[in-house]
Amino acid sequence: MDSIEYKCPNCNADLKFDPDTQKLTCEFCGSAFTVEEIKRLCAAAENSIPPSVAAAQEEFHEHTNLYHCKSCGAEIMADDQQTATFCYYCHNPVILSGKMAGSYKPSKIIGFKISRDKAEDAFKGWLGKRFFVPNSFKSQQQLEKMTGLYVPFWLADCNMEVDYQAEGRQSRSWTSGDYRYTETKVYRLLRGGNVVMNGIPADGESKIEDALMEAIEPYDYSDLKTFSMSYLSGFFADKYDVDKSEVFPRIRQRAQEACHSVIADSVNGYTVSSPNEQIRFIGTNWHYMLLPVWFMSYNYKGKVYEFAMNGQTGKVAGTPPLSKGKLALFSGAIGLAITIIGTLIGGALA
Amino acid sequence: MIKRLASLISAFVICFVLFPLSCFESHAEMLTGYPPESTIIDEAGIYDDDKETFDDLNKELKDTAEELGLNLIIFLAGTKRSDEATMIFADDSYDEIFGEDTDGIFYYMDDTEAFGLFDYISTSGSAVLKYEPHKESIFDSLDFYLPSSGEKIQPEMISNAIHRYLRCLKSYSSEEISPFAYHYDKYKNTYAYYTKGQYTVSDHKPWFVYVIPFFKSLIAGTITALIIALVTKKNYKFKGSHDPKSYIARNLSKFTVNQDVYIRTDTHRTRISSSSSGGGGGSHRSHHSSGHSHHGHHGGGGHHR
C-alpha cells in the first residue's frame, strides 16, 4: 500500500495527522491544515512550474559546474566559462566534481554593485585602528583571498496572526502639603491583527556564520532580478546545504522578534505586566535566491575568522583576529611604564 | 660729576656681586675644647653649689653611655638662643666633640628661665635611626619633670629630668631598628640607613625606599594592563545587529483590535519625612620637628615648653 507524505507549506517539514483536531499539523512550526487545504496547496505547487521556468532550470544545470573542496566539504558553483581554483572558505584547492544536479537553481538574484577595489578599500577601512590583528591578516596575500561570492539565501514571506493581552499602568506623582501622592491608572491592553513580513532572509550555507550574514543585512530587494547565468560571470556561487526546513526556526525567531517589537511600540507609555502574547503563523512563502557577498575567511591558530561585505550596499561585518602576542606586548609595556613611573615618583615622595 | 657717581655705583654693584657670600656667614657657635667623652655640661650653673649631685648625675650618664655604646652629652643651657641657633649649636657641638657621624646624642636642655623654652635632641650615627622615632615620647615624658616657661628652675627638677632621660634612652635602646628605617637630613640632603648591618650616610636614597612604591605601582600597572587587554579583547568580538522590524510590510500589517480598556485608578499617599544630620568637628594640630647639621648627618627634634 502506498503512503502519501505531505510537506508543510511553511517550513517543508513532514505533516502528521492529528486525530483530535482532524487536521494535518506540523510539529516543527505549529501550522495546521485541513486535508482539503493541503491537497489544494500541494496541487497548486505541483502545477506552478511553467515551461519557461523549467527550461531555465535545465540551462542552469547544463552550464553550471560544481567544485568540491575535499578539505572542508564546501561546494562551489561557477559557470562553465571560469574555473574555481581554491575554496573561498578554507583556501584549499577545489576540484571539479561535475555538473549541477537537483533543485539548486535560484529563482532570483541581486547582482554585485560593489567592485573588488571598493571592497578591498572597505576592508582596509574596517581594519582601521585595529592594531592588534596579525600582520598576515593585513597582507596583500590575504587581501587577494577576498572572494566575490553569491551566497544562497532562503527568503520567507510570513503572515502571522497576533493576539496580545496585558495589563498596562500609567503613573503620575505630585506633592501636596506633607504628602506625596501617586496615582496609577490601570488599563487592559488588547492588540490583535495581522503582521506580514516580506523577505526575511536566512542563508542556506552552513559554513558561514548566520550572525555574520544577518549583520550585513538588509538587501534592497528592489534590485532583485530573475536569475541568469550571466550574473555568475567573474564570481562564484555557493550551493546551499541548509534546507528551508532547517532555516525555519531562525525565520520564526526573527518574525516573532518583529512581532514583539511591533506590539511593544504599540503599548509604549505603559508599564506592562502579565502579558499574554500569541503569535500564529498562517502562511509562509519561500524564495530561494543568490545574494552578493564579498567574503574573506582567515584561519588563525586553529580558529576561522570571517569578514563579509554586502555586495550590494557595502555594509561590512566580521570578527577581527586578535594577536595575543601583540596585545600582551602592548599592555605589558603600558603596565611596565606605569610600574617604573609609579616607583620613581613614589620613591621620590617617600 | 654724574659720570663719577655712575662709576662709583657700578663699582659698588660689582664688588657686591663678586664679594664671596661666605664672608657674610657668621661663625657658628659651638662648644670647643671638650674631650671626646660623655658628660653633662652645666652652662646654666645649676649645680654650682651641689657638686656631689652633679658628679652622681655625671657618673650615671657615663655609665649609661658605656652601657648603650653611645656618646652622650647633656647640655644645661644658661644662654638663651633662638630655635635655629639651638639646633645648629647642638649639631655642631656634637660633631666638634665626637666627630661626624659617630654614634651619640646631644641633649640641649634650655635652663634659662626665659619664656619660650626650647629643648633639642640632636642624634648622630646609629642613634639617628634608633631614637628619631621616639623623640616626641622622650620630650613628653620629660615635660612632667622640667619647669615650664618662666618657672623658677629647681636643681632637683633637672636631676629628675636627667634620670628620666637616661631611663628613656635605655628603654628605647632595646627596640629593634627596622631594616627599612632611614632618616633624611634635609639640611645636608643626606640619607642615613643600614646597609648589610653597616650604618651608612649617603646622598642617595636607600633602595628599600622604592620597594613599597614598586609593589603598589606593580599592582596598578598589572590592573591597567589587564583592563587594556580585556577592553581590547571585547572590541575584537563580533558585533552584529539587525532591526527585527525591517522586513515588516507596513501596508499589509494592521491591528484589527487595538484597545486600551480603562479598569481602575489607584491612588496612594505617603507622608514626606524630613531628616537632617550635621557634620562633626575636627581638630588641627601642628608639629615642629627638624634636623640640621653643618657637618655630619644628624637627626633631631625640638620641643617647646
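## Loop and backbone geometry in chain A

In this predicted model, Pro218(A) is located in the loop that joins H5 to strand S10 (225-226) of chain A. The peptide bond leading from Glu217(A) into Pro218(A) is cis, and its omega is near 5°.

Ser274(A) belongs to strand S12 (residues 271-300) of chain A. Although Ser274(A) is not a glycine, its phi is positive, at about 50°. The residue is exposed, because its relative accessibility of 59% exceeds the 50% cut-off.

Glu205(A) is placed in the loop between strand S9 (179-203) and helix H5 (210-215) of chain A. This residue is buried and yet has no salt bridge. The nearest side chain of opposite charge belongs to Lys207(A), 4.6 Å away, and a salt bridge would require a distance within 4 Å.

## Charged surface patches

A patch of negative charge is found on the surface of chain B, where Asp48(B), Asp49(B), Asp50(B), Glu52(B), Asp55(B) and Asp56(B) gather. Within this group, Asp50(B) occupies the loop between strand S1 (39-42) and helix H2 (51-68) of chain B. With a relative accessible area of 31%, Asp50(B) is partly exposed; this value meets the patch requirement of over 30%.

Ile219(B), Ile223(B), Ile227(B) and Val231(B) make up a nonpolar surface patch, and together they present about 370 Å² of accessible area. Ile223(B) is part of helix H7 of chain B. Its relative accessibility is 45%, so Ile223(B) counts as partly exposed.

Chain B also contains a residue other than glycine with a positive phi: Asn189(B), for which the angle is near 55°. Asn189(B) lies in the loop connecting strand S5 (182-185) with strand S6 (190-195) of chain B. Asn189(B) is partly exposed, as its relative accessibility is 41%.

Notes:
Residues are numbered from 1 along each chain as its sequence is written. Chains are lettered from A and ligands numbered from 1 in the order in which they are written. This is a predicted model: local features need pLDDT of at least 70, side-chain atom pairs count only at pLDDT 80 or more; totals for chains, interfaces and linings use all residues. Side-chain values use heavy atoms; hydrogens and water are left out. Helices (H or I, at least four residues) and strands (E, at least two) are DSSP runs, numbered from the N terminus. Buried means under 20% relative accessible area, exposed over 50%, partly exposed in between (1.4 Å probe, protein chains only). Lys and Arg count as positive and Asp and Glu as negative; His and the chain ends are not counted. Patches are made of residues with over 30% relative accessible area and no salt bridge: like charges are joined within 9 Å, nonpolar side chains (Val, Leu, Ile, Met, Phe, Trp, Tyr) within 5 Å. Accessible areas come from the Shrake-Rupley method with a 1.4 Å probe; for residues, only the protein chains shown count as cover. The place of a charge is taken as NZ of Lys, CZ of Arg, CG of Asp or CD of Glu.
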